Amino acid sequence: MRTIAVINLKGGVAKTITSNSFAYILAEQGNRVLLVDNDKQGDASRGLNCRTQDGEGIDRIMTARHPEDWMGKLIRHTAYYNLDVLPANMRLLMANQEVMFDQTRPQQFRIKNALACVAEQYDFCIIDNAPDINISTINALTACDDVLIPVEIDDNTTEGLPELVNQIGYTKEELNKDLKNYWIFITKYDKNNLAQEQGADLIQAAGYPMLSTRIRYSRKVSECTYARKPIPLYSPRSLAAKDYKRLVKEYLVAAGIMMDKWTEGREA
Ligand SMILES: Nc1ncnc2c1ncn2[C@@H]1O[C@H](COP(=O)(O)OP(=O)(O)OP(=O)(O)O)[C@@H](O)[C@H]1O
Ligand SMILES: [Mg+2]
């Protein structure tokens, strides 16, 4: 199982839209995919119509001594073939406080240990994260092979990036030797906005590893969140859906993952 964490310390940059799109596209391509909602806002679960107000999910995984007893009970099938979700809601807030007070067991490996229990059942795991570095995000970094960092170009695009990149470096050194790659890519891109073009050049000049696919702004994206469907399903012809398909392909090549076959579908 290849695990991808989608992280940025900034809010609203399209982490959740990216996570759900990646998960849906990889499943559509015939992979068995687990989407882990690692954000108490529960937006990734909601986006796949799998959020519950008070049911257990990732919160239980953060506190359980024996995740192997829980993963099967907590993971839910979505309406889509090959795509399952480990949901989240506000219970994660309390669970994380409990983790911080629990000095008896390591705090950073809870998600990694839980994912190890289902590694044979899935080809990919996508972890959607909150706009923060907290014990949940550190668990995600400790559990993943790759990190994807969506950025929206505005007047403080790079805010938080040095801190996140430092955290990735520290995690790789101290906690997760399997962490292989991280890449930045641009979301909500508007090519007619000159300031965005200049912002993109600035990020490139800063020397961060980047994927070249830019996810274009599309009004269909906000509609899809209301419909609780991933954008590649809700509006496959939208600019954003086409770009996400391109991005997944670019990721697979950059990560050196060979797919037996890639189906373009009629919308590509
Ligand atoms: N390509 C796009 N075109 C237009 N709107 C977009 C696009 N991508 C994301 N959005 C919109 O941006 C908003 C934030 O997206 P999303 O919830 O994925 O961000 P996030 O980084 O997960 O936010 P948070 O930090 O709160 O978790 C949503 O309203 C979404 O509809
Ligand atoms: Mg989100």
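Author: The model is a predicted one, in which local features need pLDDT of at least 70 and side-chain atom pairs count only at pLDDT 80 or more, while totals for chains, interfaces and linings use all residues. Residues are numbered from 1 along each chain as its sequence is written, and side-chain values use heavy atoms, with hydrogens and water left out.

Reader: What makes strand 1 largely enclosed by the rest of the structure?

Author: Buried means under 20% relative accessible area, whereas exposed means over 50% and partly exposed lies in between, with a 1.4 Å probe and protein chains only. In strand 1 (residues 2-6), 5 of the 5 residues are buried, and therefore the strand is largely enclosed by the rest of the structure.

Reader: How do you know that strand 1 pairs with strand 5?

Author: Two strands pair if DSSP finds at least two bridges between them. Strand 1 and strand 5 (residues 124-129) have 5 bridges and pair in the parallel sense, with isoleucine 4 standing opposite isoleucine 126 of strand 5. Strand 1 is also joined to strand 6 (residues 146-152) by 3 bridges, again in parallel, and there the bridge partner of isoleucine 4 is aspartate 146.

Reader: Why do strand 3 and strand 7 stand at the edges?

Author: The open sheet has 7 strands in the order 3-4-2-5-1-6-7, with mixed pairing. Strand 3 (76-77) and strand 7 (181-187) each have a single partner strand, so one side of each is left without a neighbour in the sheet. For strand 7, parallel pairing with strand 6 runs over 7 bridges, and tyrosine 182 is the bridge partner of valine 147.

Reader: Why are helix 7 and helix 8 called oblique to each other?

Author: Angles under 35 degrees count as roughly parallel, over 145 as roughly antiparallel, 65 to 115 as roughly perpendicular and the rest as oblique. The axes of helix 7 (residues 135-143) and helix 8 (residues 161-174) come within 9 Å and cross at roughly 55°, and the two helices are therefore oblique.

Reader: Which residues make the contact between helix 7 and helix 8?

Author: Contact means heavy atoms within 4.5 Å. Helix 7 contributes Ile138, Leu141 and Thr142, and helix 8 contributes Gln167, Ile168 and Thr171.

Notes: Chains lettered and ligands numbered in written order. Axes fitted to C-alpha atoms, helices over the stretch in contact; angles between N-to-C directions. Helix = DSSP H or I, 4+ residues; strand = E, 2+ residues; numbered from the N terminus.
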